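Below are some notes on the model, for use alongside the sequence and coordinates.

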Amino acid sequence: MKDATTLDDIHRIASEHAMPWIDLLFIAVNANGASSTFDLPRVRTQLRPSGSMDAWQIILPLASGESPFFLDEKGLSLAGETVADLVTLENDDVVLTYLRGGGRSITLNTHARSACTGCVFCPNVIEDAADAMINGVDGLAGVLTWVRADNGWEDLSGVEVITVCSGCFQHPDAAVRHMTDLREAAKRQGFDGRLHLLSSVVRDRSHIEQLADGAGPFHLTLTLECFTRRSMLLKESKASLTLDDACRTLDFCKEGGVVGDFTYVAGIDPLADAIEGLKQLASHVTTFPRIQIYQAHNEYMRVVRPADTATIAFYVALREAIEPTFAERGLRPVSWENYRPLWYTDFAGQPIHGPRI
């Protein structure tokens with residue numbers, strides 16, 4: 001990104017837009033990726049910016065030879081100047097389960113996420129798969145028993161949310177059955193919090209009602225991803241979900257007592273389309289959506305990104321345009337829910353607190 005190639009550029013642009021420099025730094029590194037000494041295509045890292053006490057979880061593609069960022073054992077540098085210390089690093093493979101939210105949130109890949117392919121921006125094509133297809137109450141109970149034992153917990157009463165991060169439910173009935181089985185399995189372990197599913201196939205009022213009744217309290221995140229070129233960029237089961245469909249489904253969630261939001265990959269659509277679509281959706285959600293920065297993992301992924309979105313100016317403009325729309329509705333981002341967002345330390349002039357990991 002030619003508009004932010006040095007630390008001085010970062011500070012200058014941040015000052016011009018009254019943004020924290022850390023926010024701009026992380027937007028830039030998420031959008032650029034990094035060159036690296038690590039022989040991995042994509043990594044989960046915890047980075048502590050210079051002068052900060054906090055470490056943020058950041059997921060980066062490393063096949064980025066043109067990036068001004070460089071990552072090695074010491075940390076992250078920009079044009080040769082150190083900008084963040086490296087706290088931890090591991091291969092970003094598809095794992096069965098991991099914790100977020102300071103240990104209060106469990107994410108599960110119980111439905112073979114690595115088998116889901118077809119969306120051009122998805123890193124599944126470069127990740128090593130370590131996930132499995134686990135179904136049924138007993139199978140899911142076994143996974144949760146392992147999670148509990150691995151963390152030394154007596155039960156799951158301290159967990160607030162369990163998320164199934166899967167894109168490969170082909171039919172809504174399969175998704176509903178999986179989540180109702182998960183509710184029963186989790187109940188056996190003392191869990192009474194919220195279940196959360198990321199999906200594009202659950203759309204109808206009847207399925208929302210089934211989830212509210214059989215798996216509630218429930219949170220549905222529609223994997224919408226983009227507004228333009230959907231049939232070219234997305235697998236068919238996602239491409240068929242229109243913006244109007246998403247608004248209608250989110251309204252069903254509101255009416256049924258289900259928390260509803262969506263995922264969106266910023267950097268695929270032209271700026272005007274991105275702003276228009278996000279503003280239209282804002283009045284239909286009940287929690288802050290997962291707005292993620294587009295990451296190009298190979299040359300093809302770089303080619304399909306519109307040229308004007310491959311700039312820091314694009315992300316700053318998008319952040320500034322949509323921030324008031326969500327803020328005026330009382331919706332704010334949560335750091336640990338999104339590892340490549342547009343907001344890190346500050347949202348609408350107010351600090352973002354809480355776990356970063």
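1. In the hairpin of strand 2 and strand 3, 6 residues lie between the strands, and Gly51 among the residues of this hairpin takes a positive phi near 85°. The model is a predicted one: local features need pLDDT of at least 70, side-chain atom pairs count only at pLDDT 80 or more, and totals for chains, interfaces and linings use all residues. Residues are numbered from 1 along each chain as its sequence is written, and side-chain values use heavy atoms, with hydrogens and water left out. Helices (H or I, at least four residues) and strands (E, at least two) are DSSP runs, numbered from the N terminus.

2. Strand 2 (residues 42–49) and strand 3 run antiparallel and are joined by 6 bridges; two strands pair if DSSP finds at least two bridges between them. Arg44 has Ile59 of strand 3 as its bridge partner. Of the 6 residues in strand 3 (residues 56–61), 6 are buried, where buried means under 20% relative accessible area, exposed over 50%, and partly exposed in between (1.4 Å probe, protein chains only). Both faces are covered, with Trp56, Ile58 and Leu60 on one side and Gln57, Ile59 and Pro61 on the other.

3. Ser77 belongs to strand 5 (residues 75–78). Its relative accessible area is 13%, so Ser77 counts as buried. Neighbours within four places in sequence aside, Ser77 is in contact (heavy atoms within 4.5 Å) with Pro68, Phe69, Phe70, Thr82 and Val83.

4. Helix 3 (residues 137–150) packs on helix 4 (residues 172–187) at about 55°, with the axes 8 Å apart. Axes are lines fitted to C-alpha atoms, for helices over the stretch in contact, and angles run from 0 to 180 degrees between N-to-C directions. The two helices are therefore oblique to each other; angles under 35 degrees count as roughly parallel, over 145 as roughly antiparallel, 65 to 115 as roughly perpendicular and the rest as oblique. Val137, Leu140, Ala141 and Leu144 of helix 3 meet His178, Asp181, Leu182, Glu184, Ala185 and Ala186 of helix 4.

5. An open sheet of 7 strands has the order 7-8-9-10-11-12-13, with mixed pairing. Strand 7 (97–100) and strand 13 (290–293) are at the edges with a single partner strand each, so one side of each has no neighbour in the sheet. Neighbouring strands of this sheet are turned by 20° against each other on average, direction ignored. Within the sheet order, strand 8 (residues 105–108) and strand 9 (residues 161–165) run parallel and are joined by 4 bridges; Thr107 has Thr163 of strand 9 as its bridge partner.

6. Helix 9 (residues 271–282) lies across strand 11 (218–225), strand 12 (259–266) and strand 13, and runs at about 175° to strand 12. Ile268 sits in the loop between strand 12 and helix 9 and is buried, at 3% relative accessible area. Between Ile268 and Arg230 there are 10.0 Å from C-alpha to C-alpha, and the two are 38 residues apart in sequence.

7. Some backbone geometry deserves a check. The peptide bond from Gly216 to Pro217 is cis, with omega near 0°, and Pro217 is in the loop between helix 5 (205–215) and strand 11. Glu225 is not a glycine, yet has a positive phi of about 75°; this residue of strand 11 is buried, with 5% relative accessible area. Ala348, also not a glycine, has a positive phi of about 55°. Ala348 is in the loop between strand 14 (346–347) and strand 15 (350–351), and is partly exposed at 37% relative accessibility.
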